[in-house]
Amino acid sequence: MRNRYLDILRAAAIVRVVVYHLFGWPWLSLVFPAMGVMFAVAGSLTAASLQKRSAGRVVTSRLRRLLPPLWLLGAIAVPAMIATGWTLERGGTHPYDQWKLIFWILPLDDPPGSELAIDAWETLWYIRAYLWFVLLSPMLWAAWRTLGGAAWLLVAAPVVAIAAIDRSGFELPGSLDTVMWDLVTFGACWIAGFAHRDGLLAKLRPRTLLTAVVVLGGAALYWQSGHPGDEHPWDLNDVPESQALWSLAFVLVVLRWQPDVTGLARFRPLSRAVEVLNSRAVTVYLWHNLAIAAIWPLLTWLAVDDLGHFEKPVTLVAAVLLTVVAVVAFGWAEDLAAKRPARLWPPAGREPEEPDLPVAGRAPDTVRIPRHRAPSSLPVRFTGSDGKGH
């Protein structure tokens, strides 16, 4: 059976990303560090695959599921950007360079785009970072299994790397520096997913874990207080050091104490929403920014752009509806990528992407929450650890 709790976490993270990009509320980065959660869930599911299949098959399968939806976006966005003057653009973030279009096929670096179409490519740093984590996962998983009881050193390694980079001022040339920063910012969360899947996280004593969480969270807040974000002093998305520490603290809590979510099935609309968001996760992520960008042109065209106090609820509904339109129009690419019949809308009860069957000799990855539960965290541009927000 699929771990529905991980489905809920991923669905909540996607919703949080959309809401952040729509309203730009900086406190969301503290309440729910969505990108860290998404990387942690992906790390757990990748580890599950590596437990059962060869590394080559796992990497191939992950890339097959990830890339076709990106290719579909590129097939539409790249010709549109060229037709609207990208080749003549000067001084933008990504001046037209024909050979760099290869990154729309294999995003080892950020897929480039015109300034006019920034909403089409601005969020793609996540796809690039995810790709790198997938490619590195066989090596990371082998190191994890080799270290045994000392595997927590691998979780700590990205945090130590951040401290070393800050202290030394080390930089890689060009865009490789951005790749490095995203890997060290979210690497601990990805590898914490290994600890969740392997059962090592479940074996940690609550007191030990909560002590680590308090130290990590306190360090994140301390660093943020002395290094405020560009747009808002408490937006962790602008400060990779704080983002890394806070995200790790958060995912350790939400992956260690998993509530019983079997009752979700009784709330059919909510259960169905979680199912759809997981079946169309890549599509929602790729297209929601464009949906948000289309809200005000659409409302202006409809002559309902003077909304007063109703602005936020109306724009939220519009963002949801336009994202649904994108899912209907382009979500079938995820079906083809998963070798399923293409459908406009995912059917109910679809088989999961990753079976979450327990592995012999491993601790179960679901832990009941005790009676006293542990606490759980366009107007704004979407940015990665290179200075862009999530």
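This is a predicted model: local features need pLDDT of at least 70, side-chain atom pairs count only at pLDDT 80 or more; totals for chains, interfaces and linings use all residues.
Started with R272: setting aside neighbours within four places in sequence, I find R272 in contact with W345, P346, P347 and A348. R272 sits in helix α12, residues 268-279. Buried or exposed, this R272? The relative accessible area is 18%, and the cut-off for buried is under 20%, so R272 counts as buried. I also checked R272 against P346: they are 74 residues apart in sequence, and their C-alpha atoms are 10.0 Å apart in space.

**Helix pair**

Next I looked at α4 (residues 55-83) and α6 (residues 125-147). Their axes come within 9 Å and cross at roughly 170°. That angle makes α4 roughly antiparallel to α6. Which residues of α4 and α6 meet? From α4 I listed A55, V59, R62, L63, L66 and L70, and from α6 I listed I127, Y130, L131, V134, L135 and P138. I sorted the residues of this contact into eleven nonpolar, no polar and one charged.

**Rings**

Then the aromatics. How many aromatic pairs are there? The count comes to 20. I picked out F39 and W125, a tilted pair with 6.4 Å centre to centre and 50° between the planes. This pair links distant parts of the chain, with F39 in helix α3 (residues 34-52) and W125 in helix α6, 86 residues apart. F39 has 0% relative accessibility and counts as buried; W125, at 1%, counts as buried too.

My other pick was W141 with F194, which is edge-to-face: 5.3 Å centre to centre, 90° between the planes. Here again distant parts of the chain are linked, W141 being in helix α6 and F194 in helix α8 (residues 176-198), 53 residues apart. Both W141 and F194 are buried.

I also followed ring pairs through a cluster made up of F39, W125, Y126, Y130, F133, F186, W190 and Y285. Y130 had already turned up in the contact of α6 with α4.

**Positive phi**

Last, the backbone. A303 has a phi near 60°. I placed A303 in the loop between α14 (295-301) and α15 (311-330), where A303 is exposed with a relative accessible area of 62%.

K339 also has a positive phi, about 60°, although K339 is not a glycine. Where is K339 found? It lies in the segment after α16 (332-337). K339 is exposed, its relative accessible area being 67%.

Methods
Residues are numbered from 1 along each chain as its sequence is written. Side-chain values use heavy atoms; hydrogens and water are left out. Helices (H or I, at least four residues) and strands (E, at least two) are DSSP runs, numbered from the N terminus. Buried means under 20% relative accessible area, exposed over 50%, partly exposed in between (1.4 Å probe, protein chains only). Axes are lines fitted to C-alpha atoms, for helices over the stretch in contact, and angles run from 0 to 180 degrees between N-to-C directions. Angles under 35 degrees count as roughly parallel, over 145 as roughly antiparallel, 65 to 115 as roughly perpendicular and the rest as oblique. Contact means heavy atoms within 4.5 Å. Ala, Val, Leu, Ile, Met, Phe, Trp, Tyr, Cys and Pro count as nonpolar, Asp, Glu, Lys and Arg as charged, and the others, Gly among them, as polar. Rings of Phe, Tyr and Trp (its six-membered ring) pair if their centres lie within 6.5 Å; planes under 30 degrees apart count as stacked, over 60 as edge-to-face and the rest as tilted.
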